[in-house]
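Subject: Structure for you to look at

Hello,

Here is the structure I said I would pass on. Please open it first, then read the notes below it.

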Amino acid sequence: MNDAGPGVEPFYAVEINRLANERARRGLPVIHMEVGQPSAGAPRAAIEEGHRALRDEPQGYWESGALKERIAALYGERYQLARTPSQIILSAGASGALVLAISVQFRPGARIALARPGYPAHRNVLRAFGLTPVELDCGPQTRFQPTAAMIEALDPAPAGLILTSPSNPTGTMLDHGELAALARICRARGIQIISDETYHGITFGRHAHSMLEFEPEAVVLNSFSKYWCMTGWRLGWAAVPSRLVDVMNRYSANIFLAPPTLAQHVALAAMDGRAELEAHVATYARNRQLLMRELPGLGITRMAPVDGAFYLYADISHLGNNSLQWCRELLDATGVALNTGRDFDSINGGRFVRISFAVSTRETEQAIELLAGWLRQGKPK
Ligand SMILES: Cc1ncc(COP(=O)(O)O)c(C=O)c1O
């Protein structure tokens with residue numbers, strides 16, 4: 001009996017985060033750019049609504065009809081698409097929505113294509129459910145995103161394709177034409193699309209299109225974690241085609257019982273907190289600009305074009321091929337915590353780091369200064 005788990009790999013961001021927290025406990029300064037979470041919390045009015053709900057509402061199993069309506073309306077506002085509230089399945093983050101999406105649609109052994117580099121939980125959850133990830137080697141030539149030609153070349157056709165735009169770890173996006181071409185090839189080959197749109201709302205001068213504009217049969221994952229700054233509240237959703245509504249609700253009830261109650265109250269109020277949330281996006285935009293301007297001067301010249309999300313994926317192979325060790329040493333010497341690309345790409349990730357810039361602009365400036373000082377000493381090789 002093998003109890004090692006079905007190929008689920010370690011999460012290095014968690015290891016670096018643990019080291020960073022140990023350092024902070026020793027009273028040393030840390031700039032947290034290793035984990036993918038906004039340093040701000042939910043909008044102020046949403047937190048107040050949380051206090052009210054805690055005082056006035058029973059915190060039993062519950063699903064908020066008003067929230068489902070509000071999310072359905074978001075598809076009209078953002079993409080001019082009509083969704084009914086019943087097509088919104090609330091879940092414990094986009095993570096919960098992914099579990100539902102794959103468990104209702106695929107049987108063990110099914111092959112599911114996805115980009116490498118990519119969000120590690122996609123690949124690891126597929127494995128945990130007995131599915132086979134088919135990694136598409138996506139490099140700078142295709143801005144780290146899959147293309148229709150890559151899908152066409154897969155033989156046999158996979159049962160599913162997971163897309164992430166904007167991507168974690170690269171922040172790159174699929175544009176209108178690329179999404180349309182991917183939708184066409186998947187339809188022609190009978191491939192079910194799961195589109196992870198967790199970072200919609202955080203883009204820099206480009207409009208994020210939903211896969212639903214091109215393929216109404218796609219399952220879309222989304223979350224309150226990133227744009228709405230509610231990582232720990234654990235709330236997200238799947239937007240699903242009508243044919244999947246009943247089965248998704250059955251799976252959701254059996255696997256999760258109900259989405260987190262308090263989080264649903266807070267999320268509904270957070271959806272009215274646009275001014276505050278847009279100010280966070282403006283901070284990310286400034287931080288992105290700073291990093292893109294300053295890193296080349298430090299010799300870090302190869303980085304993915306960041307269209308959205310709050311990540312910069314930089315090639316540091318001129319400094320060595322073990323970015324995990326490099327991140328540990330950088331943290332130890334400076335207090336700047338970054339993540340190794342190995343979380344996202346088990347083959348080439350040792351040459352990359354991911355910088356999460358959802359921090360303050362002051363912290364971004366300090367991180368650049370500290371990194372510059374460390375690199376000037378010529379320590380890393
Ligand atoms: C692409 C992507 N999908 C899903 C998630 C999980 O988000 P949630 O907190 O909603 O479970 C993340 C978190 O980093 C992510 O980067």
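**Domains**

The C-alpha centres of domain 1 and domain 2 lie 25 Å apart. Where the two domains touch, domain 1 contributes 32 residues and domain 2 contributes 31 residues. Domain 1 is made of two stretches, 12-41 and 274-375, while domain 2 covers 46-270. Please keep in mind that this is a predicted model.

Strands β11 and β12 are joined by 2 bridges, and T340 stands opposite V353 in β12.

R354 is also in strand β12, which spans residues 352-356. What the side chain of R354 does reach is the backbone oxygen of E34, at 3.0 Å. Leaving aside residues up to four places away in sequence, R354 touches several others, including M33, V35, N168, Y311 and F344.

**Salt bridges**

The count of salt bridges comes to 22. Three of them are described here.

- R243 and E217 meet with N and O 2.3 Å apart. R243 lies in the loop between β8 (236-239) and α8 (245-256), and E217 in the loop between β6 (192-196) and β7 (219-223), so the pair ties together parts that are 26 residues apart in sequence. R243 is partly exposed, with a relative accessible area of 48%, and E217 is partly exposed at 31%.
- R55 and D56 form a salt bridge, with their closest N and O atoms 3.3 Å apart. R55 counts as exposed because its relative accessibility is 60%, whereas D56 is partly exposed at 44%. Both belong to a network of salt bridges that also links E49, R52 and E57.
- E294 and R293 meet at 2.9 Å, N to O. E294 is partly exposed, with a relative accessible area of 30%, and R293 counts as exposed at 58%.

**W374**

Is W374 buried or exposed? W374 counts as buried because its relative accessibility is 3%, and buried means under 20%. W374 sits in helix α12, residues 361-376. W374 and T334 are 40 residues apart in sequence, yet their C-alpha atoms are 7.4 Å apart in space.

Regards

How values were computed: Residues are numbered from 1 along each chain as its sequence is written. This is a predicted model: local features need pLDDT of at least 70, side-chain atom pairs count only at pLDDT 80 or more; totals for chains, interfaces and linings use all residues. Side-chain values use heavy atoms; hydrogens and water are left out. Helices (H or I, at least four residues) and strands (E, at least two) are DSSP runs, numbered from the N terminus. A polar contact is a pair of N or O atoms within 3.5 Å; within protein, one must be able to donate a hydrogen and the other to accept it, and residues adjacent in sequence count only if both atoms are side-chain atoms. Contact means heavy atoms within 4.5 Å. Two strands pair if DSSP finds at least two bridges between them. Domain bounds come from an automatic or database domain assignment. Buried means under 20% relative accessible area, exposed over 50%, partly exposed in between (1.4 Å probe, protein chains only). A salt bridge is a side-chain nitrogen of Lys or Arg within 4 Å of a carboxyl oxygen of Asp or Glu.
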